[in-house]
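Let's take a walk through this one together, stopping at a few sheets, a few helices and some aromatic rings. Have the structure open and follow along.

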Amino acid sequence: MALRFEPILTEGITQVSYFICDESAGCAAVIDPRPDADIYLQKARQYGVTITHVFETHIHADFMSGARELATRCKGSAKLYVSIEGDATYNFEYEPVREGDEFKFGQVKIRAKHTPGHTPEHLSYLLSETHEKEPWGIMTGDSLFVDSIGRPDLLGDEKTDELTRALYNTMREVFCKLADHVIIYPCHAAGSACGPDIGDRMSSTIGYEKKHNPFMQIEGFDEFKKAIQDNAPPVPTHYPKMKKLNAKGPETFGHTPPVRALSVKEFEKEMKNTDTIIIDTRDMLAFGGGHIEGALNIGQRPILSVWAGWLIDTNAPILLILPQDKDLERVVTLLWRTGHTNFKGYLAGNMRSWQESGKQIKKLTQLSVHELSQNKGQYQPLDVRKYKEWQNGNIPDATHVFLGELSDKISTLDKEQNLAVYCASGYRASIAASLLQKNGFQNVNSIPGSFKAWKAADLPIKNKTENQKKKETMKKEIKKVNDEISVAAFDPDENSFKTFADKGFKSVINLQTDEEGQNVPPEKEEELAKDNNLEYRHIGVSEDNLSEAMVDDFRHELENLPKPIVVHCKSGKRSGAFVMIHIGCQKNMSGEEVIKQAEDMGFECDVPELEQFLKKYVNEH
């Protein structure tokens with residue numbers, strides 16, 4: 001018998017719910033469930049427990065709460081617990097939760113902690129052993145994220161200052177006072193608009209966040225407020241509506257919302273309603289090849305939930321075009337997560353039925369980046385990415401309109417221009433292009449691969465500042481080999497050593513020689529390392545001075561320097577080769593195996609002398 005504590009990530013909306021149970025006690029709790037609630041019931045059956053408690057940390061704005069849906073499906077075994085702090089009110093049956101309320105599930109105890117700021121009623125839930133007072137974890141909802149913080153601006157301008165102050169107090173008086181070892185379990189991962197630049201990891205510790213989360217390091221309120229304002233992402237259009245719906249209480253179904261199959265004739269009849277939205281969920285290339293006029297192309301990926309939320313009113317009647325009829329439940333579930341349940345039907349037999357009935361189809365031209373570059377005078381590039389993406393580099397002469405704001409700003413665009421729409425990879429570009437077509441733009445082209453393809457083709461990029469280039473280089477060319485060693489495949493400048501320290505490195509080894517003309521000479525590098533509390537070693541390596549003694553010296557430093565260590569040279573080839581020699585010897589690998597693994601990790605050893613030396617050293621050691 002064991003305690004089970006499982007995070008459940010919902011991709012697209014990047015929402016994280018939690019399943020907690022003690023098998024010996026036979027009961028379980030779910031925190032912040034999504035509407036497609038089967039996954040929690042499956043967990044309960046898997047562990048042989050009964051779901052007795054369904055908790056909400058706050059009134060959610062970014063997705064449709066599944067708390068009522070799950071409680072309904074539990075058929076009376078579970079009660080729904082919500083915060084009544086901050087004078088919160090609800091239009092459904094619930095159990096009230098206040099600051100300090102405790103709930104026990106076998107050996108685990110959950111205690112409510114009022115953490116206002118993201119919303120007035122927001123609760124976090126402290127986790128501890130039943131017999132212990134000190135917590136080992138905390139479910140932070142939307143108040144504290146990995147590397148980030150919840151936004152306080154979702155209740156309108158008149159409440160933002162008040163909530164910002166509350167959020168500041170929550171950071172200083174609650175989270176900063178928890179012990180460093182306490183694990184944080186937030187309600188969202190990277191990609192959510194509920195906070196600025198949320199980190200990739202799904203959990204962290206209070207100690208790590210104190211050290212690396214910029215919002216936990218700010219002492220003064222004015223600086224905190226400015227940081228919140230400067231970094232806030234755009235507010236998705238569905239957030240205010242979703243918050244009202246979740247407070248009122250979403251409709252429950254007991255299953256996936258039903259959608260009926262429509263013949264071509266029935267589908268055409270439903271299309272005559274001017275409020276109806278046709279969503280074509282096929283791939284962008286399939287949509288470009290032929291689609292029903294007026295359809296929006298929001299492809300069947302997890303992110304469909306988010307863009308449907310941005311662009312389609314939750315009350316709008318929806319018709320669906322599917323890649324295949326068997327994809328219906330998947331697509332409906334994705335739409336359900338952001339409140340869309342008014343389905344009028346789907347086209348049975350998908351676009352094949354439409355084509356075989358001899359109906360009109362519309363095309364959307366797919367333009368390659370090479371065609372755009374070679375004929376740039378004929379097209380006006382339109383960038384629909386987020387503003388920060390745009391700032392980090394864009395196609396020369398492009399116009400920028402963020403996709404989430406395109407409907408409101410569509411009148412600013414010239415319908416006569418030959419538009420070439422792009423985003424990061426093409427997914428959002430196809431949504432935007434289909435939206436333009438729906439609004440009467442005839443000269444629209446979508447760019448498959450979009451900015452990623454543009455960069456891969458090494459075509460000109462505008463607006464990338466030197467500082468942004470350096471940041472991109474640091475991110476791109478520091479390659480993690482394992483938890484203890486990384487390789488920096490570039491010649492560091494003076495700012496790099498602060499970056500090394502900020503990334504958590506403890507030591508730096510420089511394999512460049514004095515004769516290479518480094519950006520910073522080794523003597524200066526040593527000073528910069530010392531200024532940033534980094535240990536530093538210089539072992540100049542060239543084809544002329546390769547020796548076993550030099551590798552022995554390098555390996556000795558790897559063993560004894562504080563970790564993690566970053567090893568640098570101009571291209572990463574020497575650093576990668578030396579690091580892989582060390583690892584190969586540790587793991588008793590052959591020279592050939594080390595060469596192969598080095599290539600797989602991106603450390604191509606294309607200097608014959610170095611390759612031969614590596615094989616010989618590893619095979620002999």
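In which sense do strand β1 (residues 3-10) and strand β2 (residues 15-22) pair, and over how many bridges? Antiparallel, over eight bridges. Before going further, keep in mind that this is a predicted model, where local features need pLDDT of at least 70, side-chain atom pairs count only at pLDDT 80 or more, and totals for chains, interfaces and linings use all residues. Residues are numbered from 1 along each chain as its sequence is written, and side-chain values use heavy atoms, with hydrogens and water left out.

Back to that pair. Helices (H or I, at least four residues) and strands (E, at least two) are DSSP runs, numbered from the N terminus, and two strands pair if DSSP finds at least two bridges between them. Arginine 4 sits opposite cysteine 21 in β2. Four residues separate β1 and β2 in their hairpin, and glycine 12 in the turn has a positive phi of about 90 degrees. Now look at lysine 43, in helix α1 (residues 38-47). Lysine 43 is buried, at a relative accessible area of 18%; buried means under 20%, exposed over 50%, and partly exposed in between, with a 1.4 Å probe and protein chains only. Leaving out residues up to four places away in sequence, lysine 43 touches Glu6, Ile8 and Phe19, where contact means heavy atoms within 4.5 Å.

Next, the rings. Those of Phe, Tyr and Trp (its six-membered ring) pair if their centres lie within 6.5 Å, and planes under 30 degrees apart count as stacked, over 60 as edge-to-face and the rest as tilted. That rule gives 26 aromatic pairs. Take phenylalanine 55 and phenylalanine 105: their ring centres are 6.5 Å apart and their planes are at 80 degrees, so the pair is edge-to-face. This pair links distant parts of the chain, with phenylalanine 55 in strand β4 (residues 50-55) and phenylalanine 105 in strand β7 (residues 102-105), 50 residues apart. Phenylalanine 55 and phenylalanine 105 are both buried. Ring pairs join Phe55, Tyr81, Phe103, Phe105 and Tyr125 into a cluster.

Further along is an open sheet of five strands with parallel pairing, in the order β15-β19-β18-β16-β17. Its edge strands, each pairing on one side only, are β15 (261-262) and β17 (296-297). Strands β16 (residues 277-280) and β18 (residues 318-321) share four bridges, and aspartate 280 has isoleucine 321 in β18 as its bridge partner.

Within it, β26 (residues 485-489) and β29 (residues 565-569) pair in the parallel sense over five bridges, with alanine 488 opposite histidine 568 in β29.

Finish with helix α21 (residues 548-560), whose 13 residues reach 18 Å from first C-alpha to last, close to the 18 Å expected at 1.5 Å a residue; the expected span is 1.5 Å times one less than the number of residues. Which residues of α21 are buried? They are Met550, Val551, Phe554, Arg555, Glu557 and Leu558. These cover an arc of only 155 degrees around the axis, which puts them on the same side of α21; the arc is that of the directions from the helix axis to the C-beta atoms. The face turned away from the buried side of α21 carries the exposed residues Ala549 and Asn560.
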